[in-house]
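Trainee: I've got a new model open and I'd like to learn how to read it feature by feature. Can you walk me through it?

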Amino acid sequence: MTTVIVRPEPDCSELVDQLTRQGLAAIACPLLSFAPGRDLPTFATLLGSLPADSILVAVSPRAVAFAHQALQRQEMAWPSDCHYVAVGQRTAHEWQAVCGQTVQYPVREDSEGMLALAPFMAVKGAQVVILRGDSGRDMMAKTLSDQGAQVHYCETYRRQWAIEPLVSQVVSWPKDTIDTVVITSGQQLAYFDQLITLSGQHWLRQCRILVPSKRIQDQATGLDFDTITTVDSVANSALFHTLLRLSKTGLSDD
């Protein structure tokens, strides 16, 4: 059977390669690419103006990578007197490697998990900078603002969607063998659903869908998916091991 991997490059092809080496058929479907965000030119200035004990938040490794590149161009280092919080383990490890600071991350890799961490226990008057893409959830910023924090979004990258170029490719996929789809964000789920509809396909609802969070699970349920596996991580390692386990148990979670 075949798995479609819906996530950006290079992670998309890396996961396909991992699965292929294990004898599992997989198709890469990178729906989007990325470019520098509109706030990068002023990011170094913002960072330099932050008081001690400010909180820096990164929602993805990509947000960290673009921000770090901007600082390198300005020959500026990450501050040592701020709190660093990442949405998940991979983001934390990659951020820590470039900033040289301790980066906290939650077990539950989402906004709710992050808000349970120590730096957010008393945020009244604190400056919080959230590194993210050109769109995202506002729940964290709203919650922190309601608690008295001053929250700044920093768009470090923007998404460039590639739906139309993929429509013709989807028609040639071996639909009779595709039984699983991996999707790593709510936006990608919505666009992938649109992609399949545009290409006149009707096989998607018969597939198992792997998603990284309860929020996206709920979104998939709202789109009438019946068989959903929540991995609680967007890391390729977690997705790979889940797919490997499912392949050995006949695509059953039992």
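Mentor: Let's begin with strand pairing: two strands pair if DSSP finds at least two bridges between them. Strands here are DSSP runs of E with at least two residues, helices are runs of H or I with at least four residues, and both are numbered from the N terminus. In this model, Tyr-84 has Val-103 in β6 as its bridge partner. β5 and β6 run parallel and are joined by 2 bridges.

Trainee: Before we go on, what am I looking at, and what are the ground rules?

Mentor: It's a predicted model, so local features need pLDDT of at least 70 and side-chain atom pairs count only at pLDDT 80 or more, while totals for chains, interfaces and linings use all residues. Residues are numbered from 1 along each chain as its sequence is written, and side-chain values use heavy atoms, with hydrogens and water left out.

Trainee: Back to β6, then. In what order do the strands of its sheet come?

Mentor: The order is β6-β5-β4-β7-β8, an open sheet of 5 strands with parallel pairing. β6 (103–104) and β8 (150–155) are at the edges with a single partner strand each, so one side of each has no neighbour in the sheet.

Trainee: Which strands does helix α4 touch?

Mentor: For touching, think of contact as heavy atoms within 4.5 Å. Helix α4 (residues 89–99) packs on this sheet and touches β4 (55–58), β5, β6 and β7 (127–132). For directions, axes are lines fitted to C-alpha atoms, for helices over the stretch in contact, and angles run from 0 to 180 degrees between N-to-C directions. The direction of α4 makes about 145° with that of β5.

Trainee: What about the other sheet order, the one with β10 in it?

Mentor: That open sheet also has 5 strands with parallel pairing, ordered β2-β1-β10-β11-β12. The edge places go to β2 (25–28) and β12 (227–230); each has a single partner strand, so one side of each is left without a neighbour in the sheet. From one strand to the next, the twist averages 20°. Zooming in, strands β10 (residues 178–183) and β11 (residues 208–211) run parallel and are joined by 3 bridges, with Val-181 opposite Ile-209 in β11.

Trainee: Which helices pack on that sheet?

Mentor: Among them is α9 (residues 214–222), which touches β11 and β12 and makes about 170° with the direction of β12. Another is α10, touching β1 (2–6), β10, β11 and β12, with its direction at about 155° to that of β11.

Trainee: How do I read a helix-helix crossing, say α1 with α10?

Mentor: Start with the axes: those of α1 (residues 11–21) and α10 come within 10 Å and cross at roughly 35°. The contact involves Asp-11, Glu-14, Leu-15, Gln-18 and Leu-19 of α1, together with Asn-236, Leu-239, Phe-240 and Leu-243 of α10. To sort residues by class, Ala, Val, Leu, Ile, Met, Phe, Trp, Tyr, Cys and Pro count as nonpolar, Asp, Glu, Lys and Arg as charged, and the others, Gly among them, as polar. On that scheme the contact has 5 nonpolar, 2 polar and 2 charged residues.

Trainee: Is Thr-242 buried or exposed?

Mentor: Buried means under 20% relative accessible area, exposed over 50%, and partly exposed in between (1.4 Å probe, protein chains only). Thr-242 sits in helix α10 (residues 236–248) and counts as buried because its relative accessibility is 10%. Setting aside neighbours within four places in sequence, Thr-242 contacts Leu-210, Thr-229 and Val-231.
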